[in-house]
Protein chains: 6
Amino acid sequence: MKKILFAGTFDPFTVGHQAIVKRALPFFDEVIIGIGQNMQKKTFFSLEKRLSDIQNAFENEPRVRVLVYESLTADFAKEIGAEALLRSVRNIADFEYERSVADANRRLFGLETLLLIAEPEYAHVSSSLVRELLAYGKDASKLLPEK
Amino acid sequence: MKKILFAGTFDPFTVGHQAIVKRALPFFDEVIIGIGQNMQKKTFFSLEKRLSDIQNAFENEPRVRVLVYESLTADFAKEIGAEALLRSVRNIADFEYERSVADANRRLFGLETLLLIAEPEYAHVSSSLVRELLAYGKDASKLLPEK
Amino acid sequence: MKKILFAGTFDPFTVGHQAIVKRALPFFDEVIIGIGQNMQKKTFFSLEKRLSDIQNAFENEPRVRVLVYESLTADFAKEIGAEALLRSVRNIADFEYERSVADANRRLFGLETLLLIAEPEYAHVSSSLVRELLAYGKDASKLLPEK
Amino acid sequence: MKKILFAGTFDPFTVGHQAIVKRALPFFDEVIIGIGQNMQKKTFFSLEKRLSDIQNAFENEPRVRVLVYESLTADFAKEIGAEALLRSVRNIADFEYERSVADANRRLFGLETLLLIAEPEYAHVSSSLVRELLAYGKDASKLLPEK
Amino acid sequence: MKKILFAGTFDPFTVGHQAIVKRALPFFDEVIIGIGQNMQKKTFFSLEKRLSDIQNAFENEPRVRVLVYESLTADFAKEIGAEALLRSVRNIADFEYERSVADANRRLFGLETLLLIAEPEYAHVSSSLVRELLAYGKDASKLLPEK
Amino acid sequence: MKKILFAGTFDPFTVGHQAIVKRALPFFDEVIIGIGQNMQKKTFFSLEKRLSDIQNAFENEPRVRVLVYESLTADFAKEIGAEALLRSVRNIADFEYERSVADANRRLFGLETLLLIAEPEYAHVSSSLVRELLAYGKDASKLLPEK
């Protein structure tokens, strides 16, 4: 069974993240969404909220599973038997970052990374944009998965 | 059965191309290497030479098949039942190019693209570098699959 | 009266070009579309075809004028009294190119350049993509202004 | 009357900012410089100092107005009747950032963005460079508008 | 005597840093490694540890000297008689950053900068990667100079 | 004696090239300007013209020598005893290109490359811009070394 891990903080999980998971599903038996939990890092949304929102977004998709982890991402990938990391790239800045992380994961831990390029209509979507809109009291629902 | 198409001119097929195919094999049942044949475009190596060199490079790997095509890449992918294109990205210039081709293939033909980032040790390897070395009478064998 | 010049080869004029002109219209009294004619450079579409297609695309917009020129773009801009060049940027490669051309036009000819970022849904659209699709006998009408 | 909004923190307003405003003036009836005030964000210079320094820099230019705002930039632009945002791009990193903000403003709020490329002689100028020089007790006056 | 300054926080000094110093040695009589000490900035490793680790890494190389400084890098370079700064560039993000710092140093202080491109096998190596691995209790010795 | 090779087609040699050579002189005993001669490649200016123009530009600088070569650049560097290649980088596109050439030269021929970042005032200067201006009958003397 081919599993891939899509890891992140997902603070919050956006329509951009959702689109990547949906596009990856045809190629894998299971897509694991891993919420990286880092006690030092403060988040805008609680872990419980992030977990339940992602679960709701995929409640009709049995091949998506949502898990929480505290270890290094590469260790978590091995622990759950994921064969690779799935990453999304919106732009050059993302690409340069992903390249150096992917190099490190391949060289240090033998872990492979597959990239999907974000669809242009989601290229501007980010968790930080959602948080900024909410901080100004604006409606961000167009950037979030439908309930 | 999950098939992916790795298409190119492969004039010639380098160790960089070979590494990408090997890295993709764990994720797919079959990797099709498609040699795009374009009558207008002159190549340094004959089609026969390119075809046999690639076949030799994978003679012990039954899950790699090498085919020649003359149509639009997206049409060829559908014809052979490939679910996506496999592309390699060495740098920013590659990424920008792949992004616009991938957008076009997704929007116009519903065809998905998966990217692998070239390993750093192959980032400088290209078919044009091989051709330039040969034009100056230098040895390019380190950039080509072992015989 | 504030005029801006949108210059190019437009071989052919795409929906991406059209969108840029429409987005610039609220800021200028007149947008001049200048078809640069270079006898040395072979085009896929004839000058007549390109000219009439662009005129048709804007037949209901009196503030758009289409002209043909053979001189250096900066000279043509001055000749018609345009205060600046309008350029569209789809990606990093476009940006780097536009930066060096804009620098040259500002320093050598005192001519200013205004940039609009291409809308993401048009980022993959280019004249060369249209020509490639047509060369393979495909339908490119989604990339061209409606008739 | 055509108004454009040039918004920022301007901590401090540099010769680079000043050059952009001057270059935009020929194309607009009024350039509004909007100092975004964010109570959470600490600044090096007080709001009063930033406001008066910018006003002094344009005291002979009646078509420049300096305003302070606390709302989302897009809301402020609408409130004052600005037809677009004016942004300066010094390099690729700026461009990628501006692209995603401009996409968001266009899609979420129907607000357009016009870009000017920073003149090369100002490409290294930034508010953070000024602050760093001052922190080390150096003279930064060449990077600031003349008094 | 030609001296060049390789300045940084080196928190910690990695195999990537070490490789750059070694590659610069054939071109200069002396390479000064300058540890920038900034009281405001917290580091993971103590100054003493960073200093002794770098000294150990070059204990057999009399043409490398390790110094600590608290002033602006450009001032320190002049103080020790260095003719230029040596900088390493791993990727585009590094390049854009180095360009703006190098422009500032050339224009404001008349100080030149020489760049070496990081070898691909070290492109993923960074002090922050080392710190992250250690924070998760992993072995980072492959990224650090041999003892 | 430390020699560095600055190689190119120099069709023509611009003020940008000249500035790089001058900036490199303090660090090397000799800067060799190598005009790469490629019989297949047509140039705008004759070899004789390019050679004499560069010699004139440095007639008062005995530490600059101008040579013509037909071999691979790396072979020529070794032949003349140059310890490294000197390259200029104007922008991201240059950087990506230089990175892959520098990697190839280091790995295949053990030849090192030193980069200088073009001064911003020369970032728009290129041989192709000069040729384009001349093709339109414009004055390009500001982009060329003074006679």
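Predicted model: local features only at pLDDT ≥ 70, side-chain atom pairs only at ≥ 80, totals over all residues.
## The contact between chains A and B

Chain B and chain A each bring 28 residues to their contact. The size of an interface is often given as the accessible area lost when the parts come together. Here chain B and chain A bury about 2600 Å² between them. Carbon and sulfur atoms carry 65% of that area. On the chain B side, B:Phe27, B:Phe95 and B:Ile117 lose the most area to chain A. Together these three make up 27% of what that side buries.

Charged groups also meet across this contact. Four salt bridges are counted between chain B and chain A. One of them pairs A:Arg107 with B:Glu121, with the closest N and O atoms 3.0 Å apart. Nine residue pairs are in polar contact between chain B and chain A, both residues of each pair being at pLDDT 80 or more. Three elements of chain B, β4 (84-89), α4 (92-109) and β5 (112-117), each supply at least two residues of the side that touches chain A. The most comes from α4(B), with nine residues. By class, the chain B side holds 13 nonpolar, two polar and 13 charged residues.

## Helix α1 of chain C

Helix α1 of chain C covers residues 15-24. Nine of its ten residues are buried, so α1(C) is largely enclosed by the rest of the structure. The buried set is C:Val15, C:Gly16, C:His17, C:Gln18, C:Ala19, C:Ile20, C:Val21, C:Arg23 and C:Ala24. At the start of the helix, a side-chain oxygen of C:Thr14 comes to within 3.1 Å of the backbone nitrogen of C:Gly16.

C:His17 sits in this helix. Its relative accessible area is 19%. The cut-off for buried is under 20%, so C:His17 counts as buried. Leaving out residues up to four places away in sequence, C:His17 touches C:Phe6, C:Phe10, C:Pro12 and C:Ser127.

## Helix α4 of chain F

Helix α4 of chain F spans residues 92-109, 18 residues in total. From its first C-alpha to its last it reaches 25 Å, close to the 26 Å expected at 1.5 Å a residue. At its start, a side-chain oxygen of F:Asn91 reaches to within 3.2 Å of the backbone nitrogen of F:Ala93. After the helix comes F:Gly110, with a positive phi near 60°.

The buried residues of α4(F) include F:Ile92, F:Phe95, F:Ala102, F:Ala104 and F:Phe109. F:Arg99 is buried at 11% relative accessibility. F:Glu96 is buried as well, at 6%.

## Salt bridges in chain C

Over all chains, the count comes to 66 salt bridges. One of these joins C:Arg65 to C:Glu30, with 3.2 Å between the closest N and O atoms. C:Arg65 lies in strand β3 (residues 64-69) and C:Glu30 in strand β2 (residues 30-36), so the pair ties together parts 35 residues apart in sequence. C:Arg65 is partly exposed, at 35% relative accessibility. C:Glu30 is buried, at 11%.

C:Arg63 and C:Glu61 form another salt bridge, at 3.9 Å from N to O. C:Arg63 is partly exposed, with a relative accessible area of 31%. C:Glu61 is partly exposed too, at 23%.

Most residues other than glycine have a negative phi, and most peptide bonds are trans. Several places in this model depart from that pattern. The peptide bond between B:Asp11 and B:Pro12 is cis, with omega about 5°. B:Pro12 lies in the loop between β1 (3-8) and α1 (15-24) of chain B. In chain C, the bond from C:Asp11 to C:Pro12 is also cis, with omega near 5°. C:Pro12 lies in the loop between β1 (3-8) and α1 of chain C.

B:Phe10 is not a glycine, but has a positive phi of about 50°. B:Phe10 belongs to the loop between β1 and α1 of chain B. B:Phe10 is buried, at 4% relative accessible area. E:Phe10 likewise has a positive phi of about 50°. The loop that holds E:Phe10 runs between β1 (3-8) and α1 (15-24) of chain E. At 4% relative accessibility, E:Phe10 is buried.

Conventions:
Residues numbered from 1 in each chain as written. Chains lettered and ligands numbered in written order. Heavy atoms only, no water. Contact = heavy atoms within 4.5 Å. Buried area = accessible area lost by both parts, 1.4 Å probe. Salt bridge = Lys/Arg side-chain N within 4 Å of Asp/Glu carboxyl O. Polar contact = N/O pair within 3.5 Å; in protein donor to acceptor, adjacent residues only side chain to side chain. Helix = DSSP H or I, 4+ residues; strand = E, 2+ residues; numbered from the N terminus. Nonpolar A, V, L, I, M, F, W, Y, C, P; charged D, E, K, R; others polar. Buried < 20%, exposed > 50% of the residue type's maximum accessible area, 1.4 Å probe, protein only. Expected span 1.5 Å × (residues − 1).
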